Amino acid sequence: MLKINEHFLKLQASYLFSDIAKRVAAFQEEHPDKDVIKLGIGDVTKPLPAACIQAFHKAIDEMAVESGFHGYGPEQGYAFLREAIAVNDFQARGAEINADEVFVSDGAKCDTGNIQELFSLDARVAIPDPVYPVYLDTNVMAGRTGNLRDDRYQGLVYLDSTKENNYVPDLPTEPVDLIYLCFPNNPTGSTATIEQLKTWVDYAKENKALILFDAAYEAFIRDDALPHSIYEIEGAREVAIEFRSFSKNAGFTGTRCAYTVVPKECMAYDSKANKQAVHPLWNRRHCTKFNGVSYPVQRAAEAVYSTEGKAQTRELVSSYLKNADLIAGVIGELGFDYVGGDNSPYIWIQGNRDSWEFFDLLLNEAGVVCTPGAGFGKCGQGYIRLSAFNSYENVVRAMERIRQALK
Ligand code: MLT
């Protein structure tokens with residue numbers, strides 16, 4: 001008799017964004033004439049930058065002839081892309097990262113979900129609340145938690161991100177080994193300063209812990225004082241892995257390309273307390289379970305770093321930031337407390353009512369889809385998240401409808 005991995009039974013029935021998509025589909029079926037504007041999932045809506053399209057076409061043409069054809073590429077990514085990433089995203093900001101520490105992949109969702117495989121099942125895991133559900137659910141699937149009780153999995157250390165701490169969690173009061181952090185934050189849109197990140201790096205060094213730093217939204221940072229990478233913090237090479245994505249800066253949600261940085265100094269420990277480098281472990285996993293991102297996609301990603309690509313992606317991000325500014329302005333005028341929207345595409349709104357109730361109200365009365373904060377954790381109850389990923393025209397219409405529905 002084949003037995004299942006019973007840890008899966010601890011999970012809530014459906015993944016947050018699938019659940020929302022189902023509810024929206026049901027609403028649209030019931031109200032076929034209602035126009036629904038989606039400010040829910042952080043999925044981009046604008047076309048790929050022209051530089052990426054050109055690189056894509058060129059790469060496809062290369063694939064059409066025997067002399068330019070590419071079969072399997074290196075699992076870790078082509079050298080041209082790894083080099084461009086190391087130089088532009090890190091060395092240009094004074095962060096010491098080399099091309100062979102970059103692992104190209106098909107998504108930060110997969111990487112942030114898969115990374116926990118490298119660590120022991122008794123690792124003590126600290127997870128922010130609210131949080132991008134992938135970090136949490138993959139640890140549940142792996143068996144690192146007990147059951148869900150009172151909206152929290154037993155055995156995890158939750159790091160509350162609340163109004164009181166400006167949505168940047170405080171250090172844990174009990175020992176932890178693995179720490180998930182995300183800045184600019186999903187879902188709250190909050191940002192962390194160099195000093196705040198330094199506190200975490202120092203903690204990790206003192207406690208032989210490791211930080212998993214999700215920087216998928218770094219391109220939205222416009223405040224020059226804020227760090228874009230954890231490697232801008234001294235000592236982070238020893239204690240942090242960073243995840244990046246081309247999804248939100250260059251519109252690759254449907255194209256798929258991301259990367260993970262594992263510095264060679266990054267260490268974890270075996271059962272005899274001997275240091276073990278994490279880099280070869282991730283390399284081994286990557287080579288075994290992944291066969292690389294396609295050549296045309298990597299050429300398109302490389303184009304993000306060309307002069308035109310840089311200008312075009314900046315413009316793309318600016319257009320979403322303009323939406324975010326509009327959303328934040330209206331929400332503020334309506335008298336709600338909120339965070340985010342300036343260095344982030346997300347606006348986290350204290351709704352003063354149940355999150356799902358607020359979700360239903362916006363869907364029914366305004367025809368606008370948001371994400372209920374409770375879906376991101378217990379601390380998200382009473383909040384909703386609005387995303388800036390849509391056209392400016394749609395955001396103008398959505399905010400006008402929200403204004404009418406809530407006034
Ligand atoms: C979100 O809406 O939180 C994100 O788009 C989800 C993702 O990037 O997977």
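Mentor: Start at the contact: 38 residues of domain 1 touch 50 residues of domain 2, where contact means heavy atoms within 4.5 Å. Keep in mind that this is a predicted model, where local features need pLDDT of at least 70, side-chain atom pairs count only at pLDDT 80 or more, and totals for chains, interfaces and linings use all residues. Residues are numbered from 1 along each chain as its sequence is written, and side-chain values use heavy atoms, with hydrogens and water left out.

Trainee: Where does each domain run?
Mentor: Domain 1 is 6-47 + 308-406, and domain 2 is 53-305. Those bounds come from an automatic or database domain assignment. The two centres, taken over C-alpha atoms, are 24 Å apart.

Trainee: And how much area do domain 1 and domain 2 bury between them?
Mentor: About 3,600 Å², with 59% of it on carbon and sulfur atoms. Buried area here is the accessible area (1.4 Å probe) that two parts lose on being put together, summed over both. On the domain 1 side, Lys10, Asn343 and Lys378 lose the most area to domain 2, together 19% of what that side buries.

Trainee: What about polar contacts across the interface, how many residue pairs?
Mentor: The rule finds 18 residue pairs, both residues at pLDDT 80 or more. A polar contact is a pair of N or O atoms within 3.5 Å; within protein, one must be able to donate a hydrogen and the other to accept it, and residues adjacent in sequence count only if both atoms are side-chain atoms.

Trainee: Which element gives the most to the domain 1 side that touches domain 2?
Mentor: Helix 11, with nine residues. Helices (H or I, at least four residues) and strands (E, at least two) are DSSP runs, numbered from the N terminus.

Trainee: OK, switching to salt bridges. How many does the structure hold?
Mentor: There are 21, and two are counted between domain 1 and domain 2. The cut-off is a side-chain nitrogen of Lys or Arg within 4 Å of a carboxyl oxygen of Asp or Glu.

Trainee: Which residue does Lys378 meet in a salt bridge?
Mentor: Asp150, at 2.8 Å, N to O. Asp150 sits in the loop between strand 4 (148-149) and strand 5 (152-153). Its phi is near 55°, a positive value in a residue other than glycine.

Trainee: And what does Asp35 pair with?
Mentor: Arg401, at 2.5 Å, N to O. Asp35 lies in the loop between helix 1 (16-30) and strand 1 (37-38) and Arg401 in helix 13, so the pair ties together parts that are 366 residues apart in sequence.

Trainee: How many aromatic pairs are there?
Mentor: 22 in the structure. Rings of Phe, Tyr and Trp (its six-membered ring) pair if their centres lie within 6.5 Å; planes under 30 degrees apart count as stacked, over 60 as edge-to-face and the rest as tilted. Tyr320 and Phe389 are edge-to-face, because their ring centres are 4.8 Å apart and their planes at 70°.
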